[in-house]
Amino acid sequence: MTHYLDNAATTRVRPGALEAMLPLFTETYGNPSGAHRMARLANHALDDARDAVAVATGAEPGQVVFTGGGTEADALAIRGVIDAAGGVPVTTAIEHHAVLDPVTHLGGRVVPVAADGRIDLDALEATLTEVAATGDTVSVVSIMTANNETGVIQPLRETVEVVRRSAPDAAVHTDAVQALCWVDLAEAAATVDLLSISAHKFGGPKGTGALIVRNGVTLAPLLRGGGQERDRRGGTQNVAGIAGMAAAASETVAERSAALGRVTALRDRLIEGIRGAVDGVHESGVGADADRSHKTANIAHLCFEGIESEALLFLLEKNDIMASAASSCASGAQEPSHVLAAMGVPRHLAAGSLRLSLGYDSTEADVDAVLDVLPGAVARLRGQG
């Protein structure tokens, strides 16, 4: 039996999402930009999906722009604002590369975080003031809702207050790709101007996402041609994928309260079980009191002294446990995670990091499997077993 603990990377497609998608592949498969009955049916499916995504994110239907995933949504938010208004983008040092790379490519500023992984608000204010002093303008500030490696939730409202005070003309964007399952976005992100989601993080299909664009924000499109999405994103929409995303989003929101309690209990048992059985384990993003109230319910991020992540992952996979090592970049180079580096985690600890991420369908058996296998695997790698 396979025990999948890499839900922060991607999730299993929910049955309801698959059910919503199938007819749009085989029956109602018209191009939604057309004029005939099949096209109108496809367009109705788009409208229904737009309504559902708006409800799930606390937006208006007309503010929902469908994209090819979270990376495109992030790029549209950042590049779209800069191309339309000019100026300087600002972000934090622990963002996903889908945000960090376009900001740095555009000559933007990167704000540090504290040891617990949350943005340094004083540093943000200082950065915004410094940019203004040069005569330039901050056009967009991007801060993720929850971190994909550590699960640390950022103080969005406090961040928005700083931006409104020090750079009142800037749009605030949040990459909420990791958040929909665990955070009430309608409440948490009510004050931001732009918000990105990605379907495959909450039980929808890969290659489908959305950007929420609040009224009054002007974006230059990344993709031109066709006039779809109110001229904000050209190209024929992935109607089936969008319908699957909408169904998954609706199910996720409906089940969120129950899932939070269940998955939090699983995560806490997983972490406490590992820490009770293995010495030299450091939990990321928490203090000595192990308070996890500012973290998403699903992520257990740990650093192990004296081992390398890749070797541990190999032993876990041999025992049918699927996890990830957030200490290595996507290219496979043995470099510490930029997130852990920004948090001040020493290189030798970052090299032994492990992310175990639960999901809506995780079970007690998944936790049992890790607790049965991981202590022995660590002992073997340390030459103790």
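Is Cys181 buried or exposed? Cys181 counts as buried because its relative accessibility is 12%, where buried means under 20% relative accessible area, exposed over 50%, and partly exposed in between, computed with a 1.4 Å probe on protein chains only. Cys303 is likewise buried, at 2% relative accessibility. A search of the whole structure finds zero disulfides, a disulfide being a pair of cysteine sulfur atoms within 2.5 Å.

The model is predicted: local features need pLDDT of at least 70, side-chain atom pairs count only at pLDDT 80 or more, and totals for chains, interfaces and linings use all residues. Residues are numbered from 1 along each chain as its sequence is written, and side-chain values use heavy atoms, with hydrogens and water left out.

Helices (H or I, at least four residues) and strands (E, at least two) are DSSP runs numbered from the N terminus. Seven strands form an open sheet in the order E2-E8-E7-E6-E5-E3-E4, and their pairing is mixed; two strands pair if DSSP finds at least two bridges between them. Strand E2 (64–67) and strand E4 (109–111) are the edge strands, each pairing on one side only. From one strand to the next, the twist averages 20°. Axes are lines fitted to C-alpha atoms, for helices over the stretch in contact, and angles run from 0 to 180 degrees between N-to-C directions.

E2 pairs with strand E8 (residues 209–213) in the antiparallel sense over four bridges, and Val64 stands opposite Ile212 in E8. Helix H3 (residues 70–85) packs on the sheet, where contact means heavy atoms within 4.5 Å. H3 touches E2, strand E3 (88–92), strand E5 (138–142), strand E6 (171–175), strand E7 (194–198) and E8, and its direction makes about 165° with that of E5.

Two helix pairs follow. The axes of helix H5 (residues 121–133) and helix H6 (residues 156–166) come within 10 Å and cross at roughly 25°. H5 and H6 are therefore roughly parallel to each other: angles under 35 degrees count as roughly parallel, over 145 as roughly antiparallel, 65 to 115 as roughly perpendicular and the rest as oblique. Their crossing is right-handed; a crossing is left-handed if the near helix is turned anticlockwise from the far one by less than a right angle, and right-handed if clockwise. H5 contributes Leu121, Leu124, Glu125, Leu128 and Thr129 to the contact, and H6 contributes Glu158, Thr159, Val162, Val163, Arg165 and Ser166.

Helix H10 (residues 309–318) and helix H13 (residues 364–381) have axes that come within 10 Å and cross at roughly 135°, which makes H10 oblique to H13. H10 passes H13 in a right-handed crossing. The contact involves Ala311, Leu312, Leu315 and Leu316 of H10, together with Val373, Leu374, Ala377, Val378, Arg380 and Leu381 of H13.

Two loop residues complete the account. Asp320 lies in the loop between H10 and strand E11 (321–322) and is partly exposed, with a relative accessible area of 34%. Asp320 and Tyr4 are 316 residues apart in sequence, yet their C-alpha atoms are 8.2 Å apart in space. Leaving aside its neighbours within four places in sequence, Asp320 is in contact with Met1, Thr2 and His3. Glu27 lies in the loop between helix H1 (15–26) and helix H2 (37–57) and counts as exposed at 53% relative accessibility. The C-alpha atoms of Glu27 and Trp182, 155 residues apart along the chain, are separated by 34 Å.
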